[in-house]
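Hello,

Here is the structure I promised to pass on. My notes on it follow below.

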Amino acid sequence: MEIKTKLLMTFKTSDDKKVSISVDNPREDLTETEIKEAMNTIIEKDIFSPNGGSLVSAVSAKVVQTDTTDYDLVL
């Protein structure tokens, strides 16, 4: 069994669409303030332009954990 953790940050673009950026294995002690600051920096630096639009606002952020179990199906 393998547990993976991701920080999923969702933004609104200048063409009124939502786009998400994920970060694998975020620090366990990451604070809400740090996440907000990071998202604001991403918006201010304007380094991402999904489908030609700019990121204009932060919509949400969450930490997602997935639990994966692999099965050996060799018969």
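Asp16 sits in the loop between E1 and E2. Strands (E, at least two residues) and helices (H or I, at least four) are DSSP runs, numbered from the N terminus. The phi of Asp16 is near 60°, a positive value in a residue other than glycine. Asp16 is exposed, at 57% relative accessible area. The cut-offs are these: buried is under 20% relative accessible area, exposed is over 50%, and partly exposed is in between (1.4 Å probe, protein chains only).

Please keep the basis in mind: this is a predicted model, where local features need pLDDT of at least 70, side-chain atom pairs count only at pLDDT 80 or more, and totals for chains, interfaces and linings use all residues. Residues are numbered from 1 along each chain as its sequence is written, and side-chain values use heavy atoms, with hydrogens and water left out.

Asp16 also has a charged partner. It forms a salt bridge with Lys12, with the closest N and O atoms 3.4 Å apart. A salt bridge here is a side-chain nitrogen of Lys or Arg within 4 Å of a carboxyl oxygen of Asp or Glu. Lys12 is partly exposed, at 31% relative accessible area.

Asn51 also has a positive phi, of about 55°, although it is not a glycine. Asn51 lies in the loop between helix H1 (32–45) and strand E3 (55–68). At 74% relative accessibility, Asn51 is exposed.

Now the other salt bridges. How many does the structure hold? There are five. One of them joins the side chains of Asp24 and Lys6, at 3.9 Å from N to O. That pair links distant parts of the chain. Asp24 is in strand E2 (residues 18–24), Lys6 is in strand E1 (residues 2–13), and the two are 18 residues apart. Lys6 is partly exposed, with a relative accessible area of 40%.

Another salt bridge brings together the side chains of Arg27 and Asp29, at 2.7 Å from N to O. Salt bridges that share partners join Arg27, Asp29 and Glu34 into one network. Arg27 is partly exposed at 46% relative accessibility. Asp29 is exposed at 53%.

Next, the charges overall. The chain has 9 positive and 14 negative side chains. Lys and Arg count as positive, Asp and Glu as negative; His and the chain ends are not counted. The centres of the two sets lie 7 Å apart, with each charge placed at NZ of Lys, CZ of Arg, CG of Asp or CD of Glu.

Finally, the chain as a whole. Along the sequence they follow the pattern β-β-α-β. The radius of gyration is 16 Å, well over the 11 Å that the globule rule gives for 75 residues, so the chain is more spread out than a compact globule. That radius is taken over C-alpha atoms, and the rule is 2.2 Å times the number of residues to the power 0.38. Along the principal axes, the C-alpha atoms fill a box of roughly 50 × 30 × 15 Å.

Of the 75 residues, 19% are buried. Among contacts (heavy atoms within 4.5 Å) with a separation of 6 or more, 57% are between residues 24 or more positions apart. The accessible surface comes to about 6000 Å² (Shrake-Rupley method, 1.4 Å probe). Carbon and sulfur atoms account for 49% of that surface.

Best wishes
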